[in-house]
Amino acid sequence: MSVLQNGVAGVLIVLGLIIMLVGSIGILRLPDFYTRSHAASKVDTTGIIFLLLGLAVLQGWNLAMVKLMIAVAIIMLANPVAIHALSRAAWMHGERPWMRKKEGED
Amino acid sequence: MEAFLTGAAVALVVIILIPFYRVVWGPTAFDRLLAIGAMGAKTVSLLCIFGFLYDRFYMFADIAIAYAVLNFIAGIAVAKYFSKQGRRAGT
């Protein structure tokens, strides 16, 4: 393994971990189901893609890299679709989105 | 590189355990399902890192792909169940 390969893989893995940490804190902190689903679908998917790309750079050119790319494609397609279906079910079930209160209301 | 990957796996376990708050104390059932889906999606990358650490990457990549597909199917099934129930209740 060359130094360049290790460096690029390390940067990608650390970037993916930071993005996934932001997504987890978003799931913990945001006020509403719909905003939480926003954090869970987009941010988490981006973090997982970065981490798996880092592992693929570390692996080099072989069959395992192809399998990692298949996993990346499945995650990219499946994770937002599943969360979209869940939030559509929540909308049909009667969940209403969180609104900031107007100034006179309080 | 092995020590770095071990540290990354430990950090990833901590990141996976953060949404567990929503699973236990989530206000609605949808919050719990969302947090479980997010935890399952992150477990795929944890499995890939384990494959590197155990030097059996081919096997663990297959397990990760199967886990991703299973997580997707579980999410779709639960969403379909809830949307049908909502329509029957008339909301």
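Analyst: A salt bridge is a side-chain nitrogen of Lys or Arg within 4 Å of a carboxyl oxygen of Asp or Glu. By that rule, the whole structure holds 3 salt bridges over all chains. One pair crosses between chains, from Arg36(A) in helix 2 (residues 33-59) of chain A to Asp31(B) in helix 3 of chain B. This is a predicted model: local features need pLDDT of at least 70 and side-chain atom pairs pLDDT 80 or more, while totals for chains, interfaces and linings use all residues. Residues are numbered from 1 along each chain as written, chains are lettered from A and ligands numbered from 1 in written order, and side-chain values use heavy atoms, without hydrogens and water.

User: What makes Arg36(A) and Asp31(B) a salt bridge?

Analyst: Their side chains meet at 2.6 Å, N to O. The limit is 4 Å, so the pair qualifies. Between chain B and chain A the count is 3 salt bridges.

User: How do you know that chain B and chain A are in contact?

Analyst: Contact means heavy atoms within 4.5 Å. On that test, 41 residues of chain B touch 44 residues of chain A.

User: What makes up the area buried between chain B and chain A?

Analyst: Buried area is the accessible area (1.4 Å probe) that two parts lose on being put together, summed over both. Here the total is about 3900 Å², and carbon and sulfur atoms give 79% of that. In chain B, Phe30(B), Leu34(B) and Tyr58(B) lose the most area to chain A, together 17% of what that side buries.

User: Which helices of chain B supply at least two residues each to the side that touches chain A?

Analyst: Polar contacts come first: across this interface, 8 residue pairs are in polar contact, both at pLDDT 80 or more. Helix 1 (2-17), helix 2 (20-25), helix 3 (29-54) and helix 4 (57-89) each supply at least two residues of that side of chain B. Helix 4 of chain B gives the largest share, 15 residues.

User: Why is Val13(B) part of a nonpolar patch?

Analyst: Patch residues have over 30% relative accessible area and no salt bridge, and nonpolar side chains are joined within 5 Å. Val13(B), Leu17(B), Phe20(B), Tyr21(B), Val24(B) and Trp25(B) form such a patch on the surface, with about 600 Å² of accessible area together. Helix 2 of chain B gives the largest share, 4 residues.

Definitions and conventions. A polar contact is a pair of N or O atoms within 3.5 Å; within protein, one must be able to donate a hydrogen and the other to accept it, and residues adjacent in sequence count only if both atoms are side-chain atoms. Patches are made of residues with over 30% relative accessible area and no salt bridge: like charges are joined within 9 Å, nonpolar side chains (Val, Leu, Ile, Met, Phe, Trp, Tyr) within 5 Å. Accessible areas come from the Shrake-Rupley method with a 1.4 Å probe; for residues, only the protein chains shown count as cover.
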